[in-house]
Amino acid sequence: MKKIVALLLAFVCLWTVLLPGQEASAAAKINGWDLVDSSKHMDYSGNSKYMSFIRSGANTWNAYKKGVIRPASATNKSDVYCSDISANNNINATTYSNGKITFNKKNMDKKNNAGKQNVATHELGHGLRLAHNASTDVMYQYSTSKTNLSTNDKISYDAAYKKY
């Protein structure tokens with residue numbers, strides 16, 4: 001009987017750890033790179049048709065830490081260039097460590113405004129050094145309609161900001 005109870009207890013513990021959909025709570029998740037320059041700014045430019053969503057995404061991040069993301073200008077060289085591609089895959093956008101963000105028009109055009117906003121805000125987050133986090137976060141690995149920063153997003157941004 002003790003063996004059955006022990007086996008049942010082990011199964012429950014293992015099930016709890018491996019249960020699909022379970023995610024860690026508040027946690028900073030950052031990458032080893034960012035697109036923030038030495039003056040602690042990430043200046044963006046580009047010709048993407050989603051530039052209005054990029055501006056809104058910048059406003060979302062800047063509402064938490066003022067002035068880090070800003071449009072490039074004659075005096076502020078672009079750290080990030082945003083452009084569009086058209087590819088048959090399930091990728092909405094990609095942020096590259098060389099300072100490029102590409103949006104896949106084939107997938108982006110199917111999204112509503114909240115979805116486009118989520119993708120733009122998420123990609124800017126990668127430029128800020130943020131990695132993927134839980135499903136309740138803008139930095140979730142899959143696109144959602146979430147456009148406001150979560151506690152995890154803010155904790156991750158705080159941790160990333162210390163690395164600039």
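In this predicted model, five strands make up an open sheet of mixed pairing, ordered 2-1-3-5-4. Strand 2 (69–71) and strand 4 (93–96) are the edge strands, each pairing on one side only. Direction ignored, neighbouring strands of the sheet are turned by 25° against each other on average.

**Strands 4 and 5**
- Strand 4 and strand 5 run antiparallel and are joined by four bridges.
- Thr-94 stands opposite Thr-102, a residue of strand 5.

**Helices against the sheet**
- Helix 4 packs on the sheet, where it touches strand 1, strand 2, strand 4 and strand 5.
- The direction of helix 4 makes about 15° with that of strand 4.
- Helix 2 lies across strand 1, strand 2, strand 3 and strand 5, and runs at about 170° to strand 1.

**Helix 4**
- At 1.5 Å a residue, helix 4 should span 21 Å, which agrees with the 21 Å between its end C-alpha atoms.
- At the start of helix 4, the backbone nitrogen of Ala-114 has a side-chain oxygen of Asn-112 within 3.2 Å.

**Nonpolar core**
- The largest nonpolar core contains 29 residues.
- Among those with the most contacts inside this core are Met-42, Ile-54, Trp-61 and Phe-103.
- Elements giving two or more residues to the core include strand 1 (42–46), strand 3 (80–85), helix 4 (113–127) and helix 5 (151–161).
- Helix 2 gives the most, with five residues.
- Not counting residues up to four places away in sequence, Trp-61 touches residues including Ile-69, Leu-124, Met-139 and Tyr-157.

Notes: Residues numbered from 1 in each chain as written. Predicted model: local features only at pLDDT ≥ 70, side-chain atom pairs only at ≥ 80, totals over all residues. Heavy atoms only, no water. Core = buried A, V, L, I, M, F, W, Y, C linked by side-chain atoms within 4.5 Å. Buried < 20%, exposed > 50% of the residue type's maximum accessible area, 1.4 Å probe, protein only. Contact = heavy atoms within 4.5 Å. Expected span 1.5 Å × (residues − 1). Polar contact = N/O pair within 3.5 Å; in protein donor to acceptor, adjacent residues only side chain to side chain. Pairing = 2+ DSSP bridges. Axes fitted to C-alpha atoms, helices over the stretch in contact; angles between N-to-C directions.
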